Number of protein chains: 2
Amino acid sequence: MPHIDRRIGFMGSGQMAEALAKGLINRGVVTPNQICCTDPVQARKDLFRSFGASSYDTTLEVVHNADVLFVAVKPQYVGAVLTEARPHLTPRHVVVSIAAGITVDMLLDAAGPEAHVVRVMPNTPCLVGETAAAMCVGGKATPEDAELVSTLFSAVGRIYQLDEKLLAAVTGLSGSGPAFVFLMIEALADGGVRAGLPRDVAQALAAQTVLGSAKMVLETGKHPGALKDMVTSPGGTTIAGVHELEMGGVRAAFMSAVVAATNRANELSRMG
Amino acid sequence: MPHIDRRIGFMGSGQMAEALAKGLINRGVVTPNQICCTDPVQARKDLFRSFGASSYDTTLEVVHNADVLFVAVKPQYVGAVLTEARPHLTPRHVVVSIAAGITVDMLLDAAGPEAHVVRVMPNTPCLVGETAAAMCVGGKATPEDAELVSTLFSAVGRIYQLDEKLLAAVTGLSGSGPAFVFLMIEALADGGVRAGLPRDVAQALAAQTVLGSAKMVLETGKHPGALKDMVTSPGGTTIAGVHELEMGGVRAAFMSAVVAATNRANELSRMG
């Protein structure tokens, strides 16, 4: 990972902010003294100080002491935080919002049309350094700003730059997807228990199998269908299981899940 | 990873053998000169030599030059290989079979009742260092033998020691499971494409989401159901998708898949 010489400020220091800050430090992208934060909860500020970051009592102090401003408060507070920051934003500031459903237009309304704005849709595996995220830019944000944000998130997973109109689909796929995967891991473990395995072994084998299989897709670059074919011997155990999944209409159910979550994301953005 | 001072021999040098050998070297468990192999295909022997292992033309040379003997040939050749090795096996040898469906009794029939036999059911993510495996011991195998094999496989993932009667369920869960996960990744990506994402982005986000979510289960130690609840906001996008999965009976389908694969594994062992 390249070292970045910008100062990183977190406006809101919840779990995603913590995951990002720790990821950036652990991967050597920044040193702890390049990070500052604020949060209404003292314990969150103490936690950031515990790994060497500084903390401030006000949003404005973060604005004055950082170049990249992560807006990591709950969606309903984004407008207020950015309105407060607005008179103090300079061209050096990059405003990065990870608030679900808050569009670039909403961000620019609050932060001003001159703001360099980047909207990111991360997901919770950010907490273990394996997020699947997407981003789009707005206002005066430059390709360099986009590159910078891309580098920062690459410390905690993977990120893709897309048109904003696709961010609802990203919310439906990778934003909501972890819940779908958790449900499936639980079901695989239940299947193992049904077949006689102790619960702890079944759950560990299920989660590890899911992890390893996904890593196979990412590292081999092979199509998941081709990888499935490679492990499916004629008349063997695997094709017997695949048959059950197909009879159960599992593919259609996962497609429906992504589409339903995407539709709901679009509805929520319109209501915002 | 602890360094192991045994010599490791591969009788059969296919993909799983390669993954194991490279994993052991990469994790510092053994040095390349502790590894030897044989294989009917010269290219496989050349490949092992390319990373510093030695290769031999015969099974017997491997037996004489190694302490841990990985039987990594196709199941139908296990009997012949072990029968050839049998007169040369000594108490220092640990025979480790990764052949699907070949029971401990079959291994002891071929290798002799005095053999230290360990049967392992790994899965293909062994190739990317993330196998979910199980093992059982037989014959004169000692707890130290089991510990040794456990250490070796821990270099390429996770392994659990179980009663042999549970190995069919392991085959159904982690042995066949990668295909179930590949199918699901493809379906999640299809859902993303249905929602408007380009195929390459959809597939990468899907696979990365699956990887990160599984890592969340393994690293947090939290129940997958609890993790699902943590990312499921009231009236939000995620619960909309979860609803589709439940209406589709996805949990039952995954349980059925594991059970069907387990049943088939039991059938195949009886036929063997």
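In the predicted model, the side chains of A:Arg251 and B:Glu186 meet in a salt bridge, with a nitrogen-to-oxygen separation of 3.4 Å. Across the interface of chain A and chain B, four salt bridges are found in total, and 18 residue pairs, both members at pLDDT 80 or more, are in polar contact between the two chains. On the side of chain A that touches chain B, at least two residues each are supplied by the strands β7 (131-139) and β8 (157-161) and by the helices α7, α8 (177-194), α9 (199-220), α10 (224-230), α11 (237-247) and α12. Of these elements, α9(A) gives the most to that side, with 19 residues.

The extent of the interface can be described both by residue counts and by area. The contact takes 93 residues from chain A and 93 residues from chain B. The size of an interface is often given as the accessible area lost when the parts come together. Between chain A and chain B the buried area is about 8600 Å², of which carbon and sulfur atoms give 79%. Within chain A, the residues that lose the most area to chain B are A:Phe182, A:Leu183 and A:Gln208, which together account for 8% of what that side buries.

Helix α7 of chain A, which spans residues 167-175, is mostly covered, with nine of its nine residues buried. The buried residues of α7(A) include A:Leu167, A:Val170, A:Thr171, A:Leu173 and A:Ser174, together with the glycines A:Gly172 and A:Gly175. This helix is also one of the elements that supply at least two residues to the side of chain A that touches chain B.

Nine aromatic pairs are present over all chains, and one of them is formed by A:Phe254 and B:Phe254 in an edge-to-face arrangement, with 6.2 Å from centre to centre and 80° between the planes. This pair crosses between chains, running from A:Phe254 in helix α12 (residues 250-271) of chain A to B:Phe254 in helix α12 (residues 250-271) of chain B. A:Phe254 counts as buried because its relative accessibility is 0%, and B:Phe254 is likewise classed as buried because its relative accessibility is 0%. B:Ala253, found in helix α12 of chain B, has a relative accessible area of 4% and is therefore buried. When neighbours within four places in sequence are left aside, B:Ala253 is in contact with A:Glu244, A:Leu245, A:Gly248 and A:Val250.

A further aromatic grouping is found in chain A, where A:Phe10, A:Phe48, A:Phe51, A:Phe70 and A:Phe153 form one aromatic cluster.

According to the unreviewed UniProt entry, the annotation "binding site" covers A:Ala72, A:Val73, A:Lys74 and A:Pro75. A:Lys74 is placed in the loop between β4 (68-71) and α4 (78-85) of chain A, and A:Pro75 is found in the loop between β4 and α4 of chain A. With a relative accessibility of 55%, A:Lys74 counts as exposed because this value lies over 50%, whereas A:Pro75, at 34% relative accessibility, counts as partly exposed. Apart from residues up to four places away in sequence, A:Pro75 touches A:Ala99, A:Ala100 and A:Ile102.

Methods: Residues are numbered from 1 along each chain as its sequence is written. Chains are lettered from A and ligands numbered from 1 in the order in which they are written. This is a predicted model: local features need pLDDT of at least 70, side-chain atom pairs count only at pLDDT 80 or more; totals for chains, interfaces and linings use all residues. Side-chain values use heavy atoms; hydrogens and water are left out. Rings of Phe, Tyr and Trp (its six-membered ring) pair if their centres lie within 6.5 Å; planes under 30 degrees apart count as stacked, over 60 as edge-to-face and the rest as tilted. Helices (H or I, at least four residues) and strands (E, at least two) are DSSP runs, numbered from the N terminus. Buried means under 20% relative accessible area, exposed over 50%, partly exposed in between (1.4 Å probe, protein chains only). UniProt positions are given in the numbering used here, feature names are shortened, and annotations may be inferred rather than shown by experiment. Contact means heavy atoms within 4.5 Å. Buried area is the accessible area (1.4 Å probe) that two parts lose on being put together, summed over both. A polar contact is a pair of N or O atoms within 3.5 Å; within protein, one must be able to donate a hydrogen and the other to accept it, and residues adjacent in sequence count only if both atoms are side-chain atoms.
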